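Here is a short briefing on one protein model. Look over the sequence and the structure, then read the points below.

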Amino acid sequence: MDTSYPREDYLPVPSHKRDPSPATLIPPPPRDHLVWSIFNTIYMNFCCLGFVALAFSVKARDRKVCGDVEAARRFSSKAKCYNVLATAGSVVLPLLLAALVITGVIHLSKLAQESVGFFTYQFSPSDDEDK
């Protein structure tokens with residue numbers, strides 16, 4: 001008795017499936033950017049933009065679950081815009097603030113060095129020089 005695997009003679013013939021035409025391809029569902037929105041809400045909530053992005057992300061996810069792809073795409077686009085604004089604002093503003101503080105410190109140190117000569121100048125001769 002032959003207990004080996006089936007030979008090539010007995011293998012089923014693969015079916016010839018047609019490739020789907022490009023017109024029947026379904027576009028991928030829109031991304032809701034929920035994780036990015038949560039991150040912006042918790043860690044970098046600049047002017048509540050992270051919270052607004054989170055609201056639009058939840059709306060996009062709800063619309064995607066309901067099957068309204070066009071509304072989900074609109075809400076997803078708005079969530080992405082608010083996430084970009086929140087991230088850019090949370091990165092650029094601290095850098096701008098740090099640059100202003102550094103330039104202020106440099107300016108004040110130069111001003112202090114220049115004013116040292118003014119405060120050490122003697123307007124009248126001291127009593128020791130008169131004698």
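**Annotated spans, cysteines and aromatic rings**

The model is a predicted one. The points below take up the annotated spans, then the cysteines, then the aromatic rings.

Transmembrane annotation

- An unreviewed UniProt entry lists residues 34-56 and 82-106 under "transmembrane region".
- Residues 82-106 are 100% helix and 0% strand.
- The end C-alpha atoms of residues 82-106 are 36 Å apart.

Cysteines

- A disulfide is a covalent bond between the sulfur atoms of two cysteines.
- The structure holds zero disulfides.
- Cys-48 is in no disulfide, and its nearest cysteine sulfur belongs to Cys-47, 7.4 Å away; a disulfide would need the two sulfur atoms within 2.5 Å.
- Cys-48 has a relative accessible area of 46% and is partly exposed.
- Cys-66 counts as exposed, because its relative accessibility is 56% and the exposed class covers values over 50%.

Aromatic rings

- A pair of aromatic rings is described by the distance of the centres and the angle of the planes.
- Three aromatic pairs are found in the whole structure.
- In the pair of Phe-39 and Tyr-43, the ring centres are 5.1 Å apart and the planes stand at 45°, so this pair is tilted.
- Phe-39 is partly exposed, at 39% relative accessibility, whereas Tyr-43 is exposed, at 61%.
- Phe-56, Phe-75 and Tyr-82 form a cluster linked by ring pairs.

Technical notes
Residues are numbered from 1 along each chain as its sequence is written. This is a predicted model: local features need pLDDT of at least 70, side-chain atom pairs count only at pLDDT 80 or more; totals for chains, interfaces and linings use all residues. Side-chain values use heavy atoms; hydrogens and water are left out. UniProt positions are given in the numbering used here, feature names are shortened, and annotations may be inferred rather than shown by experiment. Helices (H or I, at least four residues) and strands (E, at least two) are DSSP runs, numbered from the N terminus. Buried means under 20% relative accessible area, exposed over 50%, partly exposed in between (1.4 Å probe, protein chains only). Rings of Phe, Tyr and Trp (its six-membered ring) pair if their centres lie within 6.5 Å; planes under 30 degrees apart count as stacked, over 60 as edge-to-face and the rest as tilted.
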